[in-house]
Number of protein chains: 2
Amino acid sequence: MKGKRVTIKDIAEQLNLSTSTVSRALTSHSDVKAETRKLVTELAEELDYHPDPLAVNLKQRKTKIIGLIIPKIVNRFFSKSLAGIQEVVNREGYNIIISQSDESIRTEKKNVEDMLANRVDGLLVSLSKETMSADHFLKVLNTETPIVFFDRVNEELETSRVIIDDYEASYKAVDHLIKQGCKRIAHVAGPPNLVNNRNRLEGYKDAIRNNGLFLDKKLIVFSSYENDEVKIHTKYFLSLKHPPDGIFAINDSSAIQMIHYIKKAGFSVPGDVAIVGFNNEANGEFIDPPLSTVDSPALQLGKSAARLLFDHIDNEERPATCEIIKSKLVIRESSLRSKLT
Amino acid sequence: MKGKRVTIKDIAEQLNLSTSTVSRALTSHSDVKAETRKLVTELAEELDYHPDPLAVNLKQRKTKIIGLIIPKIVNRFFSKSLAGIQEVVNREGYNIIISQSDESIRTEKKNVEDMLANRVDGLLVSLSKETMSADHFLKVLNTETPIVFFDRVNEELETSRVIIDDYEASYKAVDHLIKQGCKRIAHVAGPPNLVNNRNRLEGYKDAIRNNGLFLDKKLIVFSSYENDEVKIHTKYFLSLKHPPDGIFAINDSSAIQMIHYIKKAGFSVPGDVAIVGFNNEANGEFIDPPLSTVDSPALQLGKSAARLLFDHIDNEERPATCEIIKSKLVIRESSLRSKLT
DNA sequence: ACCGTTCCCGGGAACGATCCCATAAAAATC
DNA sequence: GATTTTTATGGGATCGTTCCCGGGAACGGT
């Protein structure tokens, strides 16, 4: 009664068998008479037996745990990735333990330590905005724990990674703005130590140049993902002698705020300023005007990263690869000028 | 080299001690000479020894894992709760395994089974919208696994739970709308099998009645949290002979969509219809008009639920309690009529 | 000098499974 | 019918800890 759990031994005793035989019968190994197997499985079913994962894992020298390190859970992009990861990981019979770096390199380092102490069988990481080098992951490689970076990846280490096509996405978004007649397009870039942000910046620059427009450094600002800086950036843009007539923002949340402030300042979107966001977050469709954005398939990203990780877990020799997930430009009204007179 | 981890045995051998002594030295039990303890801890440090959690847990008959069952990770309310839970759980040296019911009673049942098979030390649950009875949790009680429900709780079982003050929140929101001059207030209610939704509905009804207004059943619709039904509900409201002049919505996302459709239909918010949402989700502040809403402290909710769970884990005899977290009405422009002429 | 405590430490049995090895019984081979 | 082979099972070590128990050394009190 007292939380007494059924063990393999209980089954063995009731059936006058040895624990070895019961174990074999249950794990569908060979060397068991069909009859006894039936007996065992039936009794197991009846007693509602479930193997103790702790014992199994100790024997197998596996924790069946995947460690996940992300900047922030509440960030929709990451919670979506998490959902994707969770799906794959659960199907494999593994569990996830999560930790957030909270965008701090210090806690990220601590997280890595914790994961190692927890003996995770694999690690899924998206870097904090502060992370410059990848030294704190060297220890992980030493323990031969497979590791896959996603979205905010690292390029120093020879590990697998999965990213979205930031360069193309950015290029297409800016190209779209230009096609809508924008001549002075601003870009809110992310911290440049992260590759994906650098790629986006490059996409932006190339789109500007390839279309024969002037690349004005004054139109590029760097965000550090803080909410309260959006207002400052917007004010800055509007205060310029030649303010931008198009903005490619770092994410939807930022874009939505910009629209808010721009409208408040008496300008129209997309009339005076056309805007494109990033990530296709919730409700972008229902604001005024509906937000054009880049749909980044976070769920897909999570799934791919997890699958890649299991590839590495199942096959130690698997060479590191880089997978790129295609995003899609979603055009709504915040960037649609052609319809206007 | 080959992933060889340092064990207690390695330390024992190098120091010519028994594993028992090393274990005692490390676990700060008594019966160890200060000198040897120093020796042991120093060598442990040097070798970067970390106890194998699997072995420890097997011996302790604990998994150090908390199971979490929520409807959807991507739902911001739940990802916020998760963040709160994660904070407390990590501090206690436990890990979380997550599973989503995806609002389906079938997968919720399966999730419970999985959690039990995983031998979680405690369970944190927020019910799916389909869950009527709590029979599938009886098994959990049998294993004497502590369980705490949060937000979408169950009242049949004698378990601890933590909820927000849905009744008061709802009452205050509706009362606020009435004070703004609304006479016909609609309510988008949630599935009535969940207590919190019933409480909100009661709060709504009482606020209407206590203010001497007519309680019109036609103004109450039931949402099932599906996105595409918002449009239908809005159209329905607008098509009424006497359409509502105020709406208390099920959540912000729904409220934002309603604003969108109402404006599109040529009505003004809050002029023709004042709107209050629920949850204080992201970006509600920046839409047009900024959304009034009920700030439900999801993070706090998660923390409290986790702490309550650990109370039960640490003390088997702890009686079940119900904790209520206070929400706060956030008034923005979507419900502010008094400022208008 | 003897006994009782206290202090340290080692031996070894757990925890619940897996799995190698041995062995008995059954079956197949000559 | 004696042998090898196959088949089915049990014994017991093992994973890395913890912890009970027992014993030797040191110490103090009578």
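Trainee: Which residues come nearest to DNA strand D?
Mentor: Ser18(A), Ser20(A), Ile8(B), Ser20(B) and Ala55(B) come nearest, out of 27 residues around DNA strand D. Near is a cut-off here: the C-beta atom, placed from the backbone, lies within 6 Å of the strand. This is a predicted model, where local features need pLDDT of at least 70, side-chain atom pairs count only at pLDDT 80 or more, and totals for chains, interfaces and linings use all residues. Residues are numbered from 1 along each chain as its sequence is written, while chains are lettered from A and ligands numbered from 1 in the order in which they are written.

Trainee: Which elements supply that surface near DNA strand D?
Mentor: H2 and H4 of chain A, plus helix H1 (8-15), H2 and H4 of chain B, each supply at least two residues. Helices (H or I, at least four residues) and strands (E, at least two) are DSSP runs, numbered from the N terminus.

Trainee: And how do the residues near DNA strand D divide by class?
Mentor: Nine are nonpolar, eleven polar and seven charged. Nonpolar covers Ala, Val, Leu, Ile, Met, Phe, Trp, Tyr, Cys and Pro; charged covers Asp, Glu, Lys and Arg; the others, Gly among them, are polar.

Trainee: OK, DNA strand C. Which residues come nearest there?
Mentor: Thr7(A), Ser20(A), Ala55(A), Ser18(B) and Thr21(B), of 26 residues around DNA strand C. Helices H1 (8-15), H2 (19-26) and H4 (53-60) of chain A each give at least two residues to that surface, as do H2 (19-26) and H4 of chain B. By class it has nine nonpolar, ten polar and seven charged residues.

Trainee: How many residues of chain B are in contact with chain A?
Mentor: 38 residues of chain B are in contact with 38 of chain A. Contact means C-beta atoms, placed from the backbone, within 7 Å.

Trainee: Which element gives the largest share on the chain B side?
Mentor: H5(B), with seven residues. By class, that side of chain B has 16 nonpolar, 15 polar and seven charged residues.

Trainee: What about the fold of chain A, how many helices and strands?
Mentor: Twelve helices and twelve strands. Its radius of gyration is 26 Å, well over the 20 Å that the globule rule gives for 341 residues, so chain A is more spread out than a compact globule. That radius is taken over C-alpha atoms, and the rule is 2.2 Å times the number of residues to the power 0.38. The C-alpha trace of chain A spans about 90 × 40 × 35 Å along its principal axes.

Trainee: Now Val269(A): buried or exposed?
Mentor: Val269(A) counts as buried, because it has 21 C-beta neighbours inside 10 Å. The cut-offs within 10 Å are 20 or more other C-beta atoms for buried, 12 or fewer for exposed, and partly exposed in between, with C-beta atoms placed from the backbone.

Trainee: Where does Val269(A) lie?
Mentor: In the loop between helix H11 (252-264) and strand E9 (274-276) of chain A. Beyond four places in sequence, Val269(A) touches residues including Ile259(A), Ile262(A) and Ser334(A).

Technical notes: Two residues are in contact if their C-beta atoms, placed from the backbone, lie within 7 Å.
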